[in-house]
Amino acid sequence: MTLFTILFPRGLFRAAADRRPIEEVDPGNLSNATAKRTIPVVLALVVLGGWAFLDTFSNVGYAPTQPIPFSHLIHAGTNKIPCLYCHSNAERSRYATVPPAAVCMNCHTVVRTERPTIQQLTQLYQAGKSVPWVRVHRVPDYVYFSHQWHVAKGIECQKCHGQVQNMDVIRQSTSLKMGMCISCHRQEKASVECNTCHV
Ligand code: HEC
Ligand code: HEC
Ligand code: HEC
Ligand code: HEC
Ligand code: HEC
């Protein structure tokens, strides 16, 4: 699927761009030729659009490889470290944020220091660098969302992120599309006015 969306649209747009000068110098043959090349292009865009709508935009199942194999199962599951111990910003800001390496070092100056993964973490920490974690969940910029309001209402992280404490590798497990927001807002009697989420 990635290969498809990476290769195909590029080829498609390049082909469309390459042909434009011909239309400009030869208007005589335009209608017939344009129709011939427009129909497949439009069809392809519709198919791609549908594909993107179902797959890419909903993002369910997205589980990128992280630079350090951090496991929520080990930390939040087996060792029962509370979500807010590491994601405390969820209580006070729009973003939950991923903890800085200093938080990890609260334990990993002593826990499993012989492991290569922990040595990698320690090196980054000592060099004053942050771990380049790959972002998983995201809503488009035109959507107004904040963790703070939801956490303040006592909504569990799992309602929107699934059973994170069972995940060895974090993955998006629920769609964060508009329908999901609205169905809970209806149920909880929160606002469903368009300008609640779109400013
Ligand atoms: C009402 C649904 C909802 C709840 C409850 C929720 N989240 Fe989120 N979370 C989202 C959405 C939507 C995004 C993408 C937000 C964006 O792009 O700004 C997100 C993104 C994130 C991110 C990555 C981006 C960021 O904000 O730093 C983290 C980490 C995160 N959530 C952790 C948590 C934790 C921990 C909890 C519980 C304390 C929690 N979330 C509760 C919906 C929710
Ligand atoms: C409250 C203590 C605590 C904190 C904070 C903590 N860890 Fe851990 N971590 C542990 C424990 C306990 C283990 C499991 C040790 C075992 O049983 O093998 C572990 C295991 C790991 C492992 C697996 C090591 C291996 O190869 O076996 C990695 C990687 C890791 N932690 C990364 C992190 C990162 C990154 C952070 C910061 C985001 C972090 N940890 C924060 C306690 C902690
Ligand atoms: C020991 C620290 C620690 C604990 C405890 C912890 N997390 Fe995380 N969390 C991280 C780190 C580090 C990342 C980034 C690496 C990764 O994605 O695996 C992360 C990533 C996430 C993300 C994905 C962020 C994104 O990019 O979209 C979500 C969602 C999340 N955590 C939710 C939770 C929930 C829910 C809990 C409690 C069940 C929890 N976390 C407990 C450290 C922690
Ligand atoms: C599991 C239920 C649930 C989900 C899912 C959910 N919300 Fe909410 N949301 C609430 C509740 C409850 C409130 C608080 C309403 C109140 O304060 O009266 C709220 C409040 C808000 C507010 C503030 C409203 C105000 O009146 O100030 C915004 C904006 C918002 N949510 C956006 C979103 C977006 C965007 C999503 C989807 C990405 C989402 N919510 C998903 C339950 C949810
Ligand atoms: C509770 C939050 C919430 C409310 C209320 C809400 N939206 Fe959205 N809307 C979202 C989110 C989240 C997205 C982005 C994810 C997606 O594409 O579904 C979105 C996306 C959209 C998009 C872009 C869709 C696309 O596929 O690109 C349009 C258009 C839109 N909303 C219109 C509306 C209108 C009109 C209303 C009022 C009837 C409304 N929204 C109310 C959360 C909300």
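Visitor: Leaving aside neighbours within four places in sequence, which residues is Gln165 in contact with?
Guide: Setting aside those neighbours within four places, Gln165 is in contact with His72, Leu73, Ala76 and Gly77. Two residues are in contact if their C-beta atoms, placed from the backbone, lie within 7 Å. This is a predicted model, in which local features need pLDDT of at least 70 and side-chain atom pairs count only at pLDDT 80 or more, while totals for chains, interfaces and linings use all residues. Residues are numbered from 1 along each chain as its sequence is written, and chains are lettered from A and ligands numbered from 1 in the order in which they are written.

Visitor: Where does Gln165 lie?
Guide: Gln165 is in the loop between α8 and α9. Helices (H or I, at least four residues) and strands (E, at least two) are DSSP runs, numbered from the N terminus.

Visitor: How far is the C-alpha of Gln165 from that of Ser71?
Guide: Those C-alpha atoms are separated by 8.8 Å, although Gln165 and Ser71 are 94 residues apart along the chain.

Visitor: And is Gln165 buried, exposed or partly exposed?
Guide: Gln165 counts as partly exposed, because it has 18 C-beta neighbours inside 10 Å. A residue is buried if 20 or more other C-beta atoms lie within 10 Å of its own, exposed if 12 or fewer, and partly exposed in between, with C-beta atoms placed from the backbone.

Visitor: Let's zoom out. How many helices and strands are there?
Guide: The protein has ten helices and zero strands. Of its 199 residues, 5% count as buried. Among contacts between residues at least 6 apart in sequence, 65% join residues at least 24 apart.

Visitor: What about α9, how many of its residues are buried?
Guide: Zero of the ten residues of α9 are buried, so this helix lies largely in the open.

Visitor: Which residue with a positive phi follows α9?
Guide: That is Lys189. Its phi is about 55°, although Lys189 is not a glycine. Lys80 belongs to the loop between α3 (72-78) and α4, and counts as exposed because it has 9 C-beta neighbours inside 10 Å.

Visitor: Changing topic: at what angle do α5 and α6 cross?
Guide: The axes of α5 (residues 101-108) and α6 (residues 116-126) come within 10 Å and cross at roughly 130°. Therefore α5 is oblique to α6. Axes are lines fitted to C-alpha atoms, for helices over the stretch in contact, and angles run from 0 to 180 degrees between N-to-C directions. Angles under 35 degrees count as roughly parallel, over 145 as roughly antiparallel, 65 to 115 as roughly perpendicular and the rest as oblique.

Visitor: Which residues make that contact?
Guide: From α5 come Ala101, Ala102, Cys104, Met105 and His108, and from α6 come Ile118, Leu121, Thr122, Leu124 and Tyr125. By class, eight of the contact residues are nonpolar, two are polar and none is charged. Ala, Val, Leu, Ile, Met, Phe, Trp, Tyr, Cys and Pro count as nonpolar, Asp, Glu, Lys and Arg as charged, and the others, Gly among them, as polar.

Visitor: Now the ligands. Which residues are closest to ligand 1?
Guide: Of 21 residues around ligand 1, the closest are His87, Tyr95, Ala96, Cys157 and Cys160. A residue is near a molecule if its C-beta atom, placed from the backbone, lies within 6 Å of it. The shell has 13 nonpolar, six polar and two charged residues.

Visitor: Which helix gives the most to that shell?
Guide: α8 does, with four residues.

Visitor: And which residues come nearest to ligand 3?
Guide: Cys83, Cys86, Val136, His137 and Cys157 come nearest, out of 21 around ligand 3. Two or more residues of this shell come from each of α3, α4 and α8.

Visitor: Which residues come nearest to ligand 4?
Guide: Of the 20 residues around ligand 4, the nearest are Phe145, Cys181, Cys184, Glu188 and Ala190. α9 gives the most to this shell, with four residues. By class, the shell has 13 nonpolar, four polar and three charged residues.
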